[in-house]
Amino acid sequence: RKEVEQDPGPFNVPEGATVAFNCTYSNSASQSFFWYRQDCRKEPKLLMSVYSSGNEDGRFTAQLNRASQYISLLIRDSKLSDSATYLCAVNKGSNYKLTFGKGTLLTVNP
Amino acid sequence: DAGITQSPRHKVTETGTPVTLRCHQTENHRYMYWYRQDPGHGLRLIHYSYGVKDTDKGEVSDGYSVSRSKTEDFLLTLESATSSQTSVYFCAIRTSGMGEQFFGPGTRLTVL
């Protein structure tokens, strides 16, 4: 089993749709979790940290399920500008090294 | 803006030549990281640094070396570039206790 796995997609959704991404991780000792957004030919940008209790930032909600070892990202009321690749990242704790999933491509269509 | 710059932004070189990529930060963060990103593989850690002169290997360190002689600069060297090292290279810094990392704009390296 890979350390961090994501559904590669692509996800094609209409504007206004709700879309959810999941990311599973294999190491139960993982300590912190993040979602990044990457636009084409750009650097990854931190979208959200994922807290144990779940957290929300506007249209974005992130959740952590330690028992099943996955994190999720929910995007509500999708906008055209949400089109990007979404990467999950997991920190096992040693020198804060992150392991990234390969990313899920989202295209929001008008 | 995390104050990270990378140079050069683009480079084309030939197999067998040495190449050095530079990452510069303006905020004195202790931890710095070098990643490469390739289609089908995602972001993979090459080397990282946890202080001046303190570096360690990541998962794909073969063929790469690093140096950090001052806090603000982290250099990645390909001693003898190969075509398999054609990639996009990102530098990142860690800025907080949870381990969030912020990335530089990347360097696109092509080895012919």
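I start with B:Pro8, which sits in the loop between E1 and strand E2 (10–13) of chain B. What we have on screen is a predicted model. The peptide bond that joins B:Ser7 to B:Pro8 is cis, and its omega is about -10°.

Chain A has a cis bond to report as well: the one from A:Gly9 to A:Pro10, with omega near 0°. A:Pro10 belongs to the loop between strand E1 (4–6) and E2 of chain A. For context, most peptide bonds are trans, and most residues other than glycine have a negative phi.

Where does A:Arg41 lie? A:Arg41 is in the loop between strand E4 (32–38) and strand E5 (45–50) of chain A. Its phi is near 65°, which is positive although the residue is not glycine. Is A:Arg41 buried or exposed? With a relative accessibility of 59%, A:Arg41 is classed as exposed, because the cut-off is over 50%.

In chain B the example is B:Asn28, a residue other than glycine with a positive phi near 60°. B:Asn28 falls in the loop between strand E3 (19–25) and strand E4 (32–38) of chain B. The relative accessible area of B:Asn28 is 57%, so B:Asn28 is exposed.

Now the sheets, chain B to begin with. Chain B has an open sheet of 4 strands in the order E1-E3-E8-E7, and the pairing is antiparallel. Its edge strands are E1 (4–7) and E7 (64–70) of chain B, each of which pairs on one side only. From one strand to the next, the twist averages 20°. Looking at E7(B), 5 bridges connect it to strand E8 (residues 73–78) of chain B, and the two run antiparallel.

Next, chain A. Here 5 strands make an open sheet with antiparallel pairing, in the order E1-E3-E8-E7-E6. The edges are E1 and strand E6 (55–57) of chain A; each has a single partner strand, so one side of each has no neighbour in the sheet. The twist averages 15° from one strand to the next. How many bridges join strand E7 (residues 60–65) of chain A to strand E8 (residues 70–75) of chain A? There are 6 bridges, and the strands run antiparallel. Within that set of strands, A:Gln63 is opposite A:Ser72 in E8(A).

Back to chain B for strand E4. Of the 7 residues in E4(B), 7 are buried. Both faces are covered: B:Met32, B:Trp34, B:Arg36 and B:Asp38 are buried on one side, and B:Tyr33, B:Tyr35 and B:Gln37 are buried on the other. E4(B) pairs antiparallel with strand E5 (residues 42–51) of chain B over 7 bridges, and B:Tyr35 is placed opposite B:Leu45 in E5(B). E4(B) and E5(B) make a hairpin with 3 residues between them, and B:Gly40 in the turn has a positive phi of about 85°. E4(B) also pairs antiparallel with strand E9 (residues 87–94) of chain B, over 6 bridges. There, B:Trp34 is opposite B:Cys91 in E9(B).

On to the aromatic rings. A pair of them is described by the distance of the centres and the angle of the planes. The count is 15 aromatic pairs over all chains. One of them is A:Phe11 with A:Phe21, edge-to-face, at 5.2 Å centre to centre and 75° between the planes. A:Phe11 lies in strand E2 (residues 11–14) and A:Phe21 in strand E3 (residues 19–25), both of chain A, so the pair ties together parts that are 10 residues apart in sequence. A:Phe21 is buried, at 1% relative accessible area. Separately, one aromatic cluster has members from both chains: A:Tyr36, A:Phe100, B:Tyr31, B:Tyr33, B:Tyr35, B:Tyr48, B:Tyr50, B:Phe90 and B:Phe103.

Last item, cavities. The count is 1 cavity of 30 Å³ or more, and the largest cavity holds about 30 Å³ of space. Which residues line the largest cavity? They are A:Glu3, A:Val4, A:Tyr25, A:Ser26, A:Asn27, A:Ser30, A:Val90, A:Lys92 and A:Thr99. By class, that lining has 3 nonpolar, 4 polar and 2 charged residues.

Key. Residues are numbered from 1 along each chain as its sequence is written. Chains are lettered from A and ligands numbered from 1 in the order in which they are written. This is a predicted model: local features need pLDDT of at least 70, side-chain atom pairs count only at pLDDT 80 or more; totals for chains, interfaces and linings use all residues. Side-chain values use heavy atoms; hydrogens and water are left out. Two strands pair if DSSP finds at least two bridges between them. Axes are lines fitted to C-alpha atoms, for helices over the stretch in contact, and angles run from 0 to 180 degrees between N-to-C directions. On a 1 Å grid over the protein atoms alone, a cavity is a set of points where a 1.4 Å probe fits but cannot get out, and a pocket is an open set with protein on both sides within 12 Å along at least five of seven lines; lining residues have an atom within 4 Å of a point. Grid points are joined across faces, edges and corners, and a volume is the space filled by probe spheres set on the points. Ala, Val, Leu, Ile, Met, Phe, Trp, Tyr, Cys and Pro count as nonpolar, Asp, Glu, Lys and Arg as charged, and the others, Gly among them, as polar. Rings of Phe, Tyr and Trp (its six-membered ring) pair if their centres lie within 6.5 Å; planes under 30 degrees apart count as stacked, over 60 as edge-to-face and the rest as tilted. Buried means under 20% relative accessible area, exposed over 50%, partly exposed in between (1.4 Å probe, protein chains only).
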